[in-house]
Amino acid sequence: MSQRIYFVSLGCPKNQVDTELMLGQVQAAGHALVDAPEGADVIVVNTCAFIDAAKEESVDTILEMAEHKKSGAKKLIVTGCLAQRYAGELTTDIPEIDHILGSADFQSINKVLGPNKKLPVVQVSDTPAYIYDHDAPRVRIGAAHSAYVKIAEGCDRPCAFCIIPKLRGPQRSRAIADIVAEADQLAREGVVEVNLIAQDLTRYGWDAGSDPQTRPDLAQLLRALGKVDALRWIRLHYTFPSAFDDDLIDAIASEPKVVKYVDVPLQHISDPMLKRMRRGHSSRVTRELVAKLRARIDGLVLRTTFIVGHPGETDAEFDDLCEFVADSRFDRAGAFTYSIEPGTVSAMLPNRVDPGVAAARQDKLMEIQRVISRARHE
């Protein structure tokens, strides 16, 4: 039976792709998509749980959507990262929720839309394993000329502060031919820019085997995508610093369709801090990478992010970070105060930084960057 379905999509572009895939599934099944919760039969909230602010926004949105069950909505379905992490708490605290689907269980969306009351409320895989392919129906939202393409899902890195591997599961990369087929289809639909996304772009293909000679990698993918005639721009989002190699730098530099924009989250520069964060590389590696990218990629725009107030961060280590940002003159940079994530290594570390101190450090670092960004804009 056809349902009128309203979707709310929260969080990052990777979540947006998941929402677009759910939209495609329900539309292909004959359901109607509506653009307001009023009058909807089913409301679906795709949640985020990356940091405290995201969790609060997700819970507030679920509660807001639950109010519509008093005025006609028959079902409230919650999916995404918050559902993956807090399914038990959500069922207890918000009984208006009819079904909870984990971060990789959203492909079951059509099964829970109907009136079948025998289906379990919680459908959350212990280890997320799903990754879509180019044949999956999809209804894109946002700009018509630009699309996100998720080339991999999950993450295998052990960063101490990050909960993503527990929310999204181990890394699983799509085949190059499959990604190219999706990009080709998008181009035929009028897309001229594809934005490649993953938890870790630079380790794309590493889960396909231990032999670097036979497994796919990001450089190969960029060269293959460069042959899709109708595409004009290929943009990379979130490239982990320690997995950059010369072949990838050459591909970014030489492929004319690859935008000379590198988004590389450095997080810190102090060696003791990088060790506490379990980043897997040193200050020397970071500095050498920045220098190499600038030397070999003409017209490079370099963006990065930093975390301040992580447990154990001393005044001297923060001063090192400020000096590094001032000297490096990044085109774009963002600073975030550390967010405690239960279940991570960082959450168990001693020597917590006072939230007021962390906020002051954020302000100071961003003021340094504002001067640099203003000069670059001028």
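**A loop residue and its surroundings**

T127 lies in the loop that runs between strand β6 (122–123) and strand β7 (146–150); helices (H or I, at least four residues) and strands (E, at least two) are DSSP runs, numbered from the N terminus. The model is a predicted one, in which local features need pLDDT of at least 70 and side-chain atom pairs count only at pLDDT 80 or more, while totals for chains, interfaces and linings use all residues. Residues are numbered from 1 along each chain as its sequence is written, and side-chain values use heavy atoms, with hydrogens and water left out.

T127 counts as exposed because its relative accessible area is 53%, where exposed means over 50%, buried under 20% and partly exposed in between, with a 1.4 Å probe and protein chains only. The C-alpha atom of T127 is 8.7 Å from that of A104, although 23 residues separate the two along the chain.

A104 also belongs to the lining of the largest cavity, together with residues including S103, P128, Y130 and K150. A cavity is a set of points, on a 1 Å grid over the protein atoms alone, where a 1.4 Å probe fits but cannot get out, whereas a pocket is an open set with protein on both sides within 12 Å along at least five of seven lines; in each case lining residues have an atom within 4 Å of a point. The search of the whole structure finds 1 cavity of 30 Å³ or more, and the largest cavity has a volume of about 60 Å³, a volume being the space filled by probe spheres set on points joined across faces, edges and corners. Its lining has 6 nonpolar, 1 polar and 5 charged residues; Ala, Val, Leu, Ile, Met, Phe, Trp, Tyr, Cys and Pro count as nonpolar, Asp, Glu, Lys and Arg as charged, and the others, Gly among them, as polar.

β7 runs parallel to strand β10 (residues 193–197), to which 5 bridges join it, with A147 partnered by V194; two strands pair if DSSP finds at least two bridges between them.

D18, another residue of the cavity lining, is one of the buried residues of α1. Of the 16 residues of α1, 12 are buried, so the helix is mostly covered. The end C-alpha atoms of α1 are 22 Å apart, which agrees with the 22 Å that its 16 residues should span at 1.5 Å a residue, the expected span being 1.5 Å times one less than the number of residues. Just after α1, G30 takes a positive phi of about 95°.

The largest pocket has a volume of about 1,100 Å³ and is lined by 40 residues, with K14, F50, I164, Y238 and Q267 lying nearest its centre. Two or more lining residues come from each of α1 (13–28), α4 (164–168), β13 (301–308) and β14 (332–337). By class, the pocket lining divides into 23 nonpolar, 9 polar and 8 charged residues.

Most residues other than glycine have a negative phi. Y238, however, has a positive phi of about 70°, as does Q267, also at about 70°.

Elsewhere, strand β4 (residues 75–80) is largely enclosed by the rest of the structure, because 6 of its 6 residues are buried. K75, I77 and T79 cover one side and L76, V78 and G80 the other. Strand β3 (residues 42–47) runs parallel to β4 and is joined to it by 6 bridges, with T47 partnered by G80. The chain passes from β3 through helix α2 (residues 52–66) to β4 in a right-handed β-α-β crossover, meaning that, with the strands pointing away from the viewer, the path from the first strand over the helix to the second runs clockwise. β4 also pairs in the parallel sense with strand β5 (residues 99–101) over 2 bridges, and the crossover from β4 through helix α3 (residues 81–93) to β5 is right-handed.
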